[in-house]
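Here are some friendly notes to read with the model open beside you.

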Amino acid sequence: FSVSLLEASRTFVFLISLSSPLSQASFCLLSVLLPQPPSMAAMLGGLNSTCTGSAAALSAPSTFTKHTALHSHQGKLHSLSSFAAFSSCMKVRHLNRDRWESLSATKLVQTRAMAKELYFNKDGSTMKKLQAGVNKLADVVGVTLGPKGRNVVLESKYGSPKIVHDGVTVAKEIELEDPVENIGAKLVRQAAAKTNDLAGDGTTTSVVLAQGLIAEGVKVVAAGANPIQITRGIDSTIKQLVKELKGLSKEVEDSELADVAAVSAGNNYEIGNMIAEAMSKVGRKGVVTLEEGKSAENNLYVVEGMQFDRGYISPYFITDNEKMSVEYTSCKLLLVDKKITTARDMIGILEDAIRGGYPLLIIAEDIEQEALATLVVNKLRGALKVAALKAPGFGERKSQYLDDIAILTGSTVVRDEIGLSLDKVGREVLGTAAKVELTKDSTTIVGDGTTQDAVAKRVTQIRSLIETAEQDYEKEKLNERIAKLSGGVAIIQVGAQTETELKEKKLRVEDALNATKAAVEEGIIVGGGLTLLRLATKVDAIKATLDNDEQKIGADIVKRALYYPLKLIAKNAGVNGSVVVEKVLSSNNPKYGYNAASGNYEDLMAAGIIDPAKVVRCCLEHAASVAKTFLTSDVVVVDIKEPEAVPMGGNPMDNSGYGY
C-alpha cells in the first residue's frame with residue numbers, strides 16, 4: 001500500500017504541476033526528495049495500477065525497501081539533474097508568458113493628446129483673472145516710469161542680481177503662478193516688446209497705456225456693451241490720434257538731442273551730453289555703439305575711417321616698433337578674393353611698387369608661406385614698403401567687405417568671377433587710401449575722399465537691404481557696414497563701480513541712444529505725459545466721426561486711458577495724479593505741464609522735457625492692439641498642470657539606483 005501511495009503521489013504532483021505555477025514549485029521540491037521522477041507514460045500507468053492493483057503492492061513490501069536502498073547513495077545526483085531540467089523548462093514557460101503579456105499590453109497602449117482646461121467667461125471671472133495678470137505686470141513695470149521712478153531688483157540664478165530701470169527687461173522676467181493671470185501678463189508684455197523693437201524706448205508707457213485701455217474697457221464690456229464695436233471705436237480713435245501726433249511733432253535740433261537722451265536716461269544729463277557729442281562727431285545717420293568700460297568713468301572715442309577686426313599676417317611688416325603697428329600714408333591697396341599661393345602671380349604689381357616707391361597693402365583670402373616669405377624678405381631689405389592681411393569676414397560676408405573696401409578706396413577686387421586673374425592685372429586695379437594703420441588685431445583704412453559719390457550709392461543700396469532683412473543680427477551687420485563706409489563709428493564706453501551698476505547704467509544709455517535715434521527719424525514732442533493729455537482733448541472731435549454709440553464708448557475709453565501715464569508719473573513723484581491732471585488741463589498753453597523732476601508747473605519744452613514722436617506713436621499703436629485682443633477674448637484654454645513627481649528617499653549622490 002505504501003508503494004502504491006508513493007507512485008500515486010508522484011503522478012498527482014506532476015499532473016497538478018502542468019496547470020498551476022504554485023504546484024510547479026511543489027513538484028520541484030518533491031523531485032529533489034524523491035529518488036527518481038518517472039516518465040509520463042510510467043506515471044499514467046502507475047496511476048492505473050494504483051487504482052486496480054493495490055493488493056499486489058501490499059504483497060511486496062521488500063521491493064520498496066530494496067528500491068530505496070538501491071538509490072540511497074545516488075539520491076543527490078538524481079535530484080540535482082531533475083531540478084536542472086525542470087528549472088530550464090520553467091524559464092522557457094515564464095519567458096513565453098512574459099512575451100505574451102508584453103504584446104497584450106502593447107496592443108492596449110493608445111496615444112492621447114494632453115488634456116486642456118477651459119475657462120469660460122460666463123460670470124466675468126475669467127476676464128477678472130486676465131485683468132489681474134495685466135495689473136500685476138503693469139504695477140511692477142510702472143514703478144520705473146518718470147524721473148523719480150525707482151529700480152526693480154531681479155533675481156539671477158547665476159551671478160549677482162540685476163537692478164534695472166528698463167521696462168521691457170522687467171516685463172520679460174515676470175512669470176505668474178496662475179496660468180490665466182500669466183496669459184494676461186504675456187498679452188501686455190507683447191506691447192512692451194514690440195515698442196522696444198521699433199522705437200527702443202517707451203516700453204513702460206506702452207504697458208501703462210495698455211493697462212488703462214483694458215481697465216476702462218472691461219468696465220463697459222461687463223456692463224453689457226458689444227466688445228467688437230468698442231474695439232472698432234478704439235482702433236478708429238487711435239488712428240486719428242496718430243495723425244494728430246504727426247502734426248504736433250517738430251524736427252529735432254542739435255541742441256535738443258542732449259535733452260531727448262537725458263530724459264530717456266532718467267534726467268541724467270551726463271549721458272545725454274555724451275550721446276549728443278557722439279552724434280555730432282559721426283553725424284545723425286552715423287553709428288554709435290556701446291561697450292562696457294573697464295574704469296568707473298564714461299568715455300567716448302571716435303574711430304575714423306573703416307575699421308575691422310583683422311591684423312597683419314606677419315609681425316615683420318611692422319613700421320613702428322614702439323606701437324607694434326604698421327602705418328602708411330598715400331597707400332595703394334590690392335584686393336584679391338582668393339588665396340595667393342605664389343609671389344610669381346603678383347610679380348608685376350610688386351615691381352611697379354618698387355619703381356614707384358609707394359607703399360602697398362595686400363588684402364586677400366589668405367597668403368601661403370612661399371608668397372609671404374617673398375614679401376617679408378623684400379620688406380626687410382627695404383626694397384618694398386608692403387603689408388598683408390587676411391580679408392575680414394567669412395563666406396559671402398567676406399566678399400561684401402572686400403567690395404566695400406574697393407568702393408571706399410577706388411580699387412577693383414581681383415576675382416575669377418569677373419574674369420580677372422592676379423598674374424595678368426596691373427596697376428589699374430589698385431586703390432588709394434589716405435592712411436592705413438594695422439595692429440596685431442585690427443586694421444583701419446581712411447579713404448582719400450575722392451569716392452564720395454560711389455560711397456553714397458553703396459550706402460543707399462545697403463539701406464534698402466536693411467529694410468528687407470528679417471533677422472536683427474543681419475540688420476546689425478548691415479548697419480556696421482554703413483558706418484564703416486560713412487567714415488566713422490562713435491563708441492561710448494559705459495563705466496561703473498560694480499557689475500550690477502554697470503548693467504543698469506548700460507540699459508539706461510541704450511534707451512537714451514535709441515530715443516535719440518527715434519527723435520532724429522520722426523521729430524520730437526513735449527514730454528512728461530503732456531502730449532498724451534493734450535491728445536485726450538481732441539477725442540471729442542473724433543467721436544463725432546464714428547458710426548454708432550458703442551464705437552463712441554470706445555473713443556471715451558481711449559480718452560480716459562490717456563490720463564494714466566501722467567497720473568503714474570505724478571504718483572511716482574509722490575504727488576496726487578488726479579490733482580496734477582486737473583491743474584495741467586486748466587491751462588490753455590499746450591506746452592504747460594508738470595515737471596516731475598523739479599516739482600514745478602512750467603513750459604516743458606523750454607525746460608528740456610522732450611519725447612521722440614516715434615516712441616509715443618508706437619506706444620499708442622501697440623497698447624491699442626493688445627487692448628483690442630484682450631477685450632474680444634471670451635474663453636481661455638490652458639494646459640492642465642501635472643503634479644510634480646515626488647522622488648523617493650535615498651542618497652542623491654548614490655549611483656546605485658536604490659530608492660528610485
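1. Y594 comes out as buried, because its relative accessible area is 6%, and the cut-off for buried is under 20%. This is a predicted model, so please read each value here as computed from predicted coordinates. Y601 has a relative accessible area of 23%, which places Y601 in the partly exposed class.

2. How many aromatic pairs does a search of the whole structure find? The search returns two. Y592 and Y601 make a stacked pair, with 6.3 Å from centre to centre and 25° between the planes. Y594 and Y601 make a tilted pair, at 5.1 Å centre to centre with 50° between the planes. Elsewhere, a ring meets a charge: the charged end of K122 sits over the ring of F120, 5.8 Å from the ring centre.

3. Next, the nonpolar cores. The largest one contains 109 residues, and L562 and F630 have the most contacts inside it. Helix α25 (residues 613–631) supplies the largest share of this core, twelve residues. Another core lies apart from it and has 56 residues, including F308, L372, V436 and I462.

4. What does F630 touch, once its neighbours within four places in sequence are left aside? Its contacts are M127, L130, Q131, V134, L187, I214 and V218. L187 is also one of the buried residues of α9, which brings us to that helix.

5. At the start of α9, a side-chain oxygen of D178 comes within 3.0 Å of the backbone nitrogen of V180. Just after the helix, G200 has a positive phi of about 80°.

6. The buried residues of α9 include V180, G184, L187, V188, A191 and T195, and also E181, N182 and R189. As a reminder when looking at such a list, an α-helix has 3.6 residues a turn, so residues three or four places apart point the same way. The buried residues of α9 pack against β1 (116–120), α7 (125–142), α8 (167–173), α10 (203–222), α25 and β18 (635–639).

7. Which backbone oxygen lies 3.2 Å from a polar atom of the H165 side chain? That of T144. The H165 side chain also reaches the backbone oxygen of R150, at 3.4 Å. Beyond its neighbours within four places in sequence, H165 is in contact with T144, G146, G149, R150, N151, E504 and R508.

8. Finally, I445 in strand β12 (residues 443–447). I445 counts as buried, since its relative accessibility is 0%. With neighbours within four places in sequence left aside, I445 is in contact with G305, M306, F308, L333, I363, I405, L408, T409, A433 and K435. F308 is also among the residues of the 56-residue core.

Conventions:
Residues numbered from 1 in each chain as written. Predicted model: local features only at pLDDT ≥ 70, side-chain atom pairs only at ≥ 80, totals over all residues. Heavy atoms only, no water. Core = buried A, V, L, I, M, F, W, Y, C linked by side-chain atoms within 4.5 Å. Buried < 20%, exposed > 50% of the residue type's maximum accessible area, 1.4 Å probe, protein only. Helix = DSSP H or I, 4+ residues; strand = E, 2+ residues; numbered from the N terminus. Contact = heavy atoms within 4.5 Å. Polar contact = N/O pair within 3.5 Å; in protein donor to acceptor, adjacent residues only side chain to side chain. Phe/Tyr/Trp six-rings, centres within 6.5 Å; stacked < 30°, edge-to-face > 60°. Lys NZ or Arg CZ within 6 Å of the ring centre and 35° of its normal.
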